[in-house]
Every structure is written in C-alpha cells, then in structure tokens.
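Biologist: I'm new to this one, so please take me through it feature by feature. Tell me how to read each feature, then show me the case.

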Amino acid sequence: MPSLVIVGAQWGDEGKGKIVDLLTGQVEWVVRYQGGHNAGHTVVIGEEEFILHLIPSGVLRPGVRCVIGNGVVVDPAALVVEMDALAARGIDFTPHFHISDRAHLILPYHRAVEREAEKTKGTRKIGTTGRGIGPAYADKIARVGIRVGTLLDADLFRRVLTTNVEAMNYFLERLYGVCPSEAFSVDAIYDEYMGYAARLAPYIADTSLLVNRALDRGERVLFEGAQGTHLDVDCGTYPFVTSSSATAGGACTGSGVGPTRINRALGIVKAYTTRVGSGPFPTELTDQVGETLRQAGGEFGATTGRPRRCGWFDAVAVRYAVRVNGLSGIALTKLDVLDVFDALKICNAYRYKGELITEFPSDPLVLEQVEPVYEELPGWSGSVAGIASVDDLPKEARAYVDRIVELLGVSLDVLSFGVRRDQTVVLNNPLAL
Ligand code: GDP
C-alpha cells in the first residue's frame with residue numbers, strides 16, 4: 001500500500017490543505033511532521049471554511065486517524081482552542097487523535113524570547129509569527145526542551161520547568177533588559193500546563209509505534225508537511241526560513257518512520273509564487289500586477305492576515321524543490337487566479353552578474369541580486385473555475401500548464417482551479433498502487 005508525503009514546493013501557502021483534504025478520502029492515517037501553529041491550512045467543504053493550524057487537515061474526514069508527530073512543536077493552549085473550535089462545529093475527531101510524546105512543548109517564555117529577538121536592532125529580522133516556535137526548536141536542539149510526554153510526570157515537569165524558567169528569566173533580563181517584574185513564574189506556568197496535561201493525556205502516545213504498526217498492517221498513511229521547501233531550515237533560503245524540516249526528508253525524522261516506508265512525494269505548486277516574511281524572492285512583483293495577483297488569489301495569511309508578497313511562477317525555484325524532495329509528481333493549484341491576466345510570465349532562469357544560471361543558488365545574497373529571465377505566454381479569456389476535465393481548459397491555459405510541467409520534468413498528478421473539492425482534477429492518483 002503506498003504511503004505519501006505532501007510538501008509545499010515554494011514558500012508555503014500553496015494550497016496544501018485542500019489537496020491533503022482531497023486525498024485523505026483514500027487513507028487511514030494523516031501525520032503532521034513539523035512546524036507549529038504558525039501553519040494555516042484552509043479547507044473549504046461545501047459552504048464551510050475551516051482553518052487548521054496544528055491539527056492535520058485529515059481531521060475533516062470522519063474516521064481518519066490524525067497524528068501530531070514528534071517533529072512538531074506544540075503550544076497546548078493553541079491546540080486546546082483548535083480542538084474546542086472543531087468540536088463546536090460538530091467535528092468529533094478525538095477518538096482518532098494522537099499526539100507524539102516526543103513532540104516538544106512551546107512554553108510562554110519562548111514567545112517572550114522571540115518577541116525580544118525580533119525587536120533587537122542588528123539581528124536579521126526573519127518576520128516570524130511571534131508564536132515561540134523558533135525558540136522552542138532552539139531549545140530542542142540545545143537539549144533543554146520539554147517534551148509533551150513530560151506533561152504526564154508532574155514532578156519531572158516541575159523540575160525541568162524550574163531550571164528553564166530560571167535560565168530564561170536571567171537571559172531575558174540580562175540580554176534584552178526585560179524588567180524583573182515581568183519575570184515568568186514557575187507556579188503559574190506549572191498550574192496552566194497541568195491543566196493541559198489533564199486535557200491532552202488521553203491522546204499522548206508513542207506515535208512512531210502506532211504509525212509503523214499501521215504501515216505493517218498495510219494501512220495507507222499520508223504525511224502532511226507545513227510551510228514549504230524554501231522555508232526548510234536546511235534546504236530553504238536560510239536564514240529567512242522556519243525552524244523545522246519542511247521538506248520530504250522531515251517526514252521521516254518528524255514522525256519516526258524510515259525512508260523505505262514512504263513511497264511517493266507530491267509537491268504542491270501554486271501556479272504563481274508567493275512568500276510571507278522577509279527574504280529573497282526573485283520574481284516578486286511590487287507593482288500593480290503583484291497587487292492584482294494578491295487580490296485575485298486572496299493572498300493574505302490564514303494565520304496572521306499578513307498580505308503575502310506575490311510574483312510570477314519561478315521554475316528555477318520549483319525545480320530545486322523537485323530535486324531536494326525527490327518529487328514523484330505535483331499538484332498545480334490556483335490556476336483560476338490567473339484568469340485575470342492577458343499575458344503571463346514564467347521565470348525559467350536567472351541572470352547573475354551577466355551569467356545565466358539555471359540552478360537555484362544556495363547563497364541568499366546571490367539570490368537577492370539575480371534577475372529573473374522570463375518567457376511570456378498568452379493569457380486566456382473566460383474562467384477555468386468551471387471546467388470538468390483538463391480537456392475543457394482554454395488552449396492558452398493548457399499551454400501554460402504544459403510549459404510548467406515541461407520545465408519541471410515531473411508528472412502532473414492533480415490540477416486545482418478553485419477552492420472547492422470539486423474544482424480539482426486528479427490526472428494521476430498519487431495513492432494508486
Ligand atoms: P496551505 O497552507 O498550503 O494549505 O495554503 P493556504 O491554506 O494558506 O492557502 C491556500 C488558499 O488557497 C486557501 O484559502 C485555499 O482555500 C485556497 N485554494 C486552494 N486551492 C485553490 C485553487 O485551486 N484556487 C483558488 N482560487 N484557491 C485555492
């Protein structure tokens with residue numbers, strides 16, 4: 001039985017939520033493997049819109065087992081709010097919900113550190129969402145993080161919390177000049193987190209064991225990435241990245257399964273490019289064309305409401321994603337957004353100091369200086385939002401899609417041309433045997 005990892009092939013917000021939701025109809029398990037509640041996946045079912053931050057998008061399919069894997073950082077306050085919001089809308093997923101005991105906790109001091117770090121002059125501002133996610137990952141790597149499983153041992157939790165709070169209060173005061181009256185209280189955090197412990201205990205488990213056993217039984221598992229390839233801490237446009245492994249390889253370390261157990265990797269690719277936060281973006285359009293894309297595509301963050309930076313499709317950036325994720329296919333999304341243009345551009349190379357380059361550069365300083373080399377294609381008249389099959393696409397839209405596929409050298413598995421489930425064509429089922 002195939003298992004599949006789904007990743008964003010650009011800078012996130014490619015429409016992963018919709019495609020995950022679409023494909024979860026064929027799987028028994030969905031596993032989130034990295035990131036935190038900074039992710040925002042939007043899924044539209046009928047007239048209803050759901051925005052999920054931490055809980056996998058599979059939750060909207062009754063009976064699908066949903067896992068928050070060990071690679072995720074969990075803010076229990078945000079998780080409880082999300083669980084309550086789903087319950088209030090009649091989604092009862094808790095009998096099928098599991099949280100890894102190895103996932104790391106976000107604590108209130110992580111938010112404070114992140115806020116202060118972004119305020120400090122001279123640091124390279126990343127444009128974080130201020131939710132403490134980066135500092136929680138930093139603690140994990142520094143081996144002072146507190147894991148979800150520790151919530152189940154109140155004495156141990158108090159001991160490690162005390163050590164961390166003392167260190168963090170010292171750090172916040174000495175490094176950032178935070179007033180001692182704002183110091184964190186161990187008792188307050190302890191009481192708050194013991195409340196979460198009581199609420200979350202039924203779901204905390206060794207999820208690596210659960211998922212591997214499911215694979216042994218031949219059940220199908222979909223690994224759901226958040227953010228995107230160029231935001232991956234290793235493969236992305238460092239330092240303007242997130243703090244976790246958003247690429248396909250992260251699915252293994254972030255859920256405790258071996259690479260031999262994941263058969264395919266589907267990249268979600270938006271028909272143009274967007275990014276949030278700071279960092280290089282070669283095809284960015286800061287003019288009216290960019291504004292038109294933003295409005296037509298509703299390019300405002302699902303989590304923060306921040307306007308997204310918009311630009312033409314960048315085949316160099318996505319070819320890199322095909323390489324580092326070993327993509328077996330792509331889902332091309334939001335084609336309908338391009339209905340509004342008379343002409344479209346695709347970047348197929350960069351020019352740097354007079355030289356043509358076709359491979360995505362590692363150095364963000366180079367990336368900042370490259371000039372995109374474009375080819376221009378005609379737009380189409382009318383809308384692609386109502387098509388029933390790819391044969392119904394206007395010939396210019398078909399040519400645009402075909403050119404992207406040709407430049408990427410990968411199979412087009414899914415085409416999406418609207419927010420609804422039925423505005424999708426599956427050309428090649430990535431979960432078929
Ligand atoms: P994700 O984080 O990758 O899941 O992406 P977001 O949810 O942040 O952004 C994708 C947005 O685009 C959501 O509002 C989706 O409902 C919407 N969307 C997904 N696919 C399509 C599509 O093919 N066309 C249009 N117009 N919107 C889409």
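**Reading the features one by one**

Modeller: Let's start with C252, which counts as buried at 14% relative accessibility. Buried means under 20% relative accessible area, exposed over 50%, and partly exposed in between, using a 1.4 Å probe and protein chains only. Keep in mind that this is a predicted model: local features need pLDDT of at least 70 and side-chain atom pairs pLDDT 80 or more, while totals for chains, interfaces and linings use all residues. Residues are numbered from 1 along each chain as its sequence is written, and side-chain values use heavy atoms, leaving out hydrogens and water.

Biologist: How many disulfides does the structure hold?

Modeller: A disulfide is a pair of cysteine sulfur atoms within 2.5 Å. Here there are zero. Take C235: the nearest cysteine sulfur belongs to C252 and is 13 Å away.

Biologist: Okay, aromatic rings next. How many aromatic pairs does a search of the whole structure find?

Modeller: You describe such a pair by the distance of the centres and the angle of the planes. Rings of Phe, Tyr and Trp (its six-membered ring) pair if their centres lie within 6.5 Å; planes under 30 degrees apart are stacked, over 60 edge-to-face, and the rest tilted. The search turns up 11 pairs. One of them is F97 with Y203, a tilted pair at 5.5 Å centre to centre and 45 degrees between the planes.

Biologist: Where in the chain do F97 and Y203 sit?

Modeller: Helices (H or I, at least four residues) and strands (E, at least two) are DSSP runs, numbered from the N terminus. F97 is in strand β7 (residues 97–100), and Y203 is in the loop between α6 (186–200) and β9 (204–205), so the pair links distant parts of the chain, 106 residues apart. F97 is buried at 2% relative accessible area, and Y203 is buried too, at 14%.

Next, F171 and Y176 make an edge-to-face pair, 5.9 Å between centres with planes at 85 degrees. F171 is partly exposed at 34%, as is Y176 at 22%. Ring pairs also link F157, Y190, Y193 and Y196 into a cluster.

Biologist: Which charged end sits over the ring of F50?

Modeller: A charge sits over a ring if NZ of Lys or CZ of Arg is within 6 Å of the ring centre and within 35 degrees of the ring normal. Over F50 it's R89, 4.0 Å from the centre. R158 lies over the face of Y190, at 4.1 Å from the ring centre.

Biologist: What about helix α5: how many residues has it?

Modeller: It has 23, residues 154–176. The expected span is 1.5 Å times one less than the number of residues; α5 reaches 31 Å from its first C-alpha to its last, close to the 33 Å expected. Its buried residues include F157, L161, V165 and L172. What covers the buried residues includes α3 (108–119), α4 (133–141) and α6, contact meaning heavy atoms within 4.5 Å. Just after α5, G177 takes a positive phi of about 65 degrees.

Biologist: Which residues are joined by a cis peptide bond?

Modeller: Y238 and P239, with omega about 10 degrees. P239 lies in the loop between β10 (221–224) and α8 (250–253).
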